[in-house]
Amino acid sequence: MSNNKIGFVESVSLTLIVIISHILLNLPNEILGSTASSGPLNVIYISVLAVFVFLIFNKLFSPFKGKDILDVAEFVGGNILRKIVSIIYTLYIIFIAGILLLNFANTLKTIYLQDMPTELICLVFILIALIANQFGFKSVTRTNAIILPFIIVAILIIFFALFARFVPERFFPLLGYGANNTFVLGLTNIFAFGEILLLFLMRSNYNDPKDSKKIGLTSIIFSGILLFLSITSLLLIFPFATGGEGILSIYMITRSIQFGTFFQRVDAFFILIWVLTFFSYISVLLAFALKITNKNTKTEKSNVPAFLIGLGIFIVTLIPQNIAQIRFAENVIYKYSCLIIVFGMSFVIMLLGYLKKRKKGLVNIETKE
Amino acid sequence: MKFIKKLKEFFNNLMQNQESYDFTISHETPSETQPEDLLKKQNIYPSVDVNLDYIKSRYNVLINSDIKLREFILNARGKQFKAFIIYIDGLVDTSSINDFILNPLMIKSYSNQNNEPQVVSEAITNNISVRKIKRFNITDYIYECLLPQNSVKKVSSFDELVQNVNSGNCALFVDTINFAFDIDIKKFAQRSISEPKNEPSVRGSQEAFVENLRTNTSLIRKNINNENLIIENITIGKTNKNNCAVCYIKDIANSSLVSEAKYRLNNLDVDYVLSSSELIQLICDDPETTLPEILTTERADKACSNLLQGRVVIIYNGSPYALILPVTLFDFFTSQEDINLNYHFSNLLKVLRAIAFFITLLLPGLYLAITIYHRELLPIELLYSIVASRVNVPFPIVVEILMMELSFELIREAGLRVPSPLGSTVGIVGALVLGEAAVSANIVSPILIIIVAITAISSFAIPDFSLGFHLRISRFAYTILGALCGFLGIGIGIFIHLITLCSLKSFGVPYLSPYMPKSNVRNNGYMLRPVWKREKRSDFLNAKRTTVQDKISMKWRNKD
């Protein structure tokens, strides 16, 4: 693993790319759908909460320097628990990769690839991700870190290009469907930050384990800002009632951008950026699923696990039969599985690990180290 | 290419079906090979006759026309010894052989005939004279008195001697001595130092490397006035033993980098290496990729500036190009002209080159993607004009663009291969006449000519020849991908390209340094800083001395 060490920029990029991929698809719609005009407020709220959650996790990780959550699971429940946790995480990653990929493939098909079967589009993405992973984890993380600035710039361009067309009145009523929906029911929107799971999985790959807190906080804060900009753009351009209808939320608002007279519509340029984002997204998730599997099976030199994971993602893309099922999988299954697995199961494992260390009297010693 | 290799590797490993190496030329026993005992390491014999027979056999003197053997009687202090010299005609200075080897050894001069013992010291005690006499030693006498040459070595191994004779030295064998004198009297016809033809510079030095190794190393020595400049010779090849020089500055270049370069050169099990391009393929990290991994230059000043940065330069005998390593992608965008200009101008040129890079790589693919799949990008008027220009063209747009790209590549190749006076004619006929005729005949649309022409002009703005080749190949891939699935295809290309770039290393240095992985770009980024702010050497080189100049280099500004 020593040659898979990654730096600060690469680590932050890994988390951001996954969250941005969600933003590009249905996440802003989903949040606006449940909170209405209080979407931006809800994003600030869940971002602050996500920071707190991360700080709690970070505290629980403090006796496990240079270890990831799988190592902690092994410490808590031995090899068996590690294997069970690994399988759950792998299946979770395969599921979210498949669902989001299918959603994006449908988007591409709707926009301009009408003659190409969705399955083929998904297959292309999976194949490219498999090839990318042949070049190694480091290459995937570095490529991801190169692509990320372009995506961030694209989101900023969208925000500022549409600034003149914003209707500030759409911020009101400030609490949208009410305080309960914004702050109590809206709490579940913290699933938007579900990809902090990657932060727990890549802790053993940091060049400097001391950076873990900085990496986590930077990732969450940046994600929060990007999510806020996207939701604000969407809310202030379309009334939330209609904005929530489209499945291509960010794409829809890019169609409203007018740029001089040379380009009729610039949204196609954004498609190129989104395509790169999704190549990166699938590659990153595949890399993580592979990292988990390799750690368990010690099959680092074989391509079979990569192929099986790719096949798994492809099978997931074949399951939903229509758009409604995709949206159900994304908005309900994904949301609650994320809350249970990332924020529930991971927390329990970490808490048990921390308590076990404390019981053995190792917490203070290792924290000081 | 790397992508295809990885794809192949992936499926091979997946199915656990490792393909065996399949070489189909029929087996043939070599009929005439050198006897094995001759190839063994053999030391020189004390008997001159035995040495003579050995040399005659090894050099095939009876059938080799340019191998010259001259037997003679050597006179030394009144004694006579049987001796012979061997050299290769055309590689040596024959007048030096006559005047400074044969003449002193053969002529019976008075001093040489004096057989009296040399008195070192003399003491007289009680009328008894005690003299300390230096015993006559033929070896020392020849070396010290009879060979008025500046470079003479005593060599006891035939292998080493033969190698030196092959490179233009003369070997002297004398009876009773179990080694030979290796005398450096090289002189052969060679091209004189001329202007760089492929890397011209308006304000830079006008000296280019030539085919001779020693001339090239002297050009470097002349430009770098530092005793820490090391030029080590390494022999490459078993059949054709050719020399290459590994140059570095001892107190700047990273030791492990130097060791790695020497390790790779010393571990080449090849019969021969004909050119520096072959050598590049043998020592680079990933020979499968089309991306260049070692920088080549014919400019002595460029080689020197890279040495001063802490890089290693390899000069191969017979090649007018020096190899510079390690490199990053951004080094291929750098021209030596950059450091000869004000940094504002240099940076403008660098930006232009970066734009040219993207145009060369992506323009035809983007044109196809936009006109086939993403027409909404174009204003209606422009779209109409494109459609109108294509009304009479019978081919699909992808065929049209591939046809024009292929024609352009043909014109370029033909222009290079024909004699130089005809080159411009081919260009004019190809570009103007053919292009105009193709448009008039409605084979291609006029706008496509513009696209191909802009792409071609941009490709000439890339300073490095090898990178240009990579772009030419990649451009075809992007064109096909753009035609197949628009921006999705272009995205596939860019992603694979990026991941290839991220995985590539040149002698341990990541190819996208200093940007990925991120290191200090202040002093060694793509853009050039003012000369007084270039304080540090590149981080990724891990040079022994990181500082190039003080923070305030212009001390004259400080009046205190």
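1. In this predicted model, strand E2 (residues 79–88) of chain B runs alongside strand E6 (residues 169–174) of chain B, and the two pair in the antiparallel sense over 4 bridges. Within this part of the sheet, B:Ile86 stands opposite B:Ala171 in E6(B). Strands of a sheet pair through backbone hydrogen bonds, in either a parallel or an antiparallel arrangement.

2. The pair belongs to an open sheet of 5 strands in chain B, ordered E1-E2-E6-E7-E5, with antiparallel pairing. Strand E1 (67–76) and strand E5 (152–155) of chain B each have a single partner strand, and because they stand at the edges, one side of each is left without a neighbour in the sheet. From one strand to the next, the twist averages 25 degrees.

3. Two helices of chain B pack on this sheet. Helix H6 (residues 138–146) of chain B touches E1, E2, E5, E6 and strand E7 (180–184) of chain B, and the direction of this helix makes about 105 degrees with that of E1(B). Helix H7 (residues 158–166) of chain B packs on the sheet through contacts with E2, E5, E6 and E7 of chain B, and its direction makes about 140 degrees with that of E6(B).

4. Turning to charged side chains, a search of the whole structure finds 27 salt bridges over all chains. One of them joins B:Glu199 to B:Lys302, with the closest N and O atoms 3.7 Å apart. B:Glu199 lies in the loop between E7 and helix H8 (213–223) of chain B, whereas B:Lys302 lies in helix H11 (residues 300–309) of chain B, so the pair ties together parts that are 103 residues apart in sequence. B:Glu199 is buried, with a relative accessible area of 14%, and B:Lys302 is buried as well, at 8%.

5. A salt bridge also forms between the side chains of B:Arg353 and B:Asp338, at 3.0 Å from N to O. B:Arg353 belongs to helix H13 (residues 343–372) of chain B and B:Asp338 to helix H12 (residues 337–340) of chain B, the two residues being 15 residues apart. B:Arg353 counts as buried at 9% relative accessibility, and B:Asp338 is buried with a relative accessible area of 1%.

6. B:Arg475 forms a salt bridge with B:Glu405, the closest N and O atoms being 3.1 Å apart, and both residues are buried. Because B:Arg475 lies in helix H18 (residues 465–503) of chain B and B:Glu405 in helix H15 (residues 397–417) of chain B, the pair ties together parts that are 70 residues apart in sequence. Salt bridges with shared partners join B:Glu405, B:Glu409, B:Arg412, B:Arg472 and B:Arg475 into one network.

Notes:
Residues numbered from 1 in each chain as written. Chains lettered and ligands numbered in written order. Predicted model: local features only at pLDDT ≥ 70, side-chain atom pairs only at ≥ 80, totals over all residues. Heavy atoms only, no water. Pairing = 2+ DSSP bridges. Axes fitted to C-alpha atoms, helices over the stretch in contact; angles between N-to-C directions. Contact = heavy atoms within 4.5 Å. Salt bridge = Lys/Arg side-chain N within 4 Å of Asp/Glu carboxyl O. Buried < 20%, exposed > 50% of the residue type's maximum accessible area, 1.4 Å probe, protein only.
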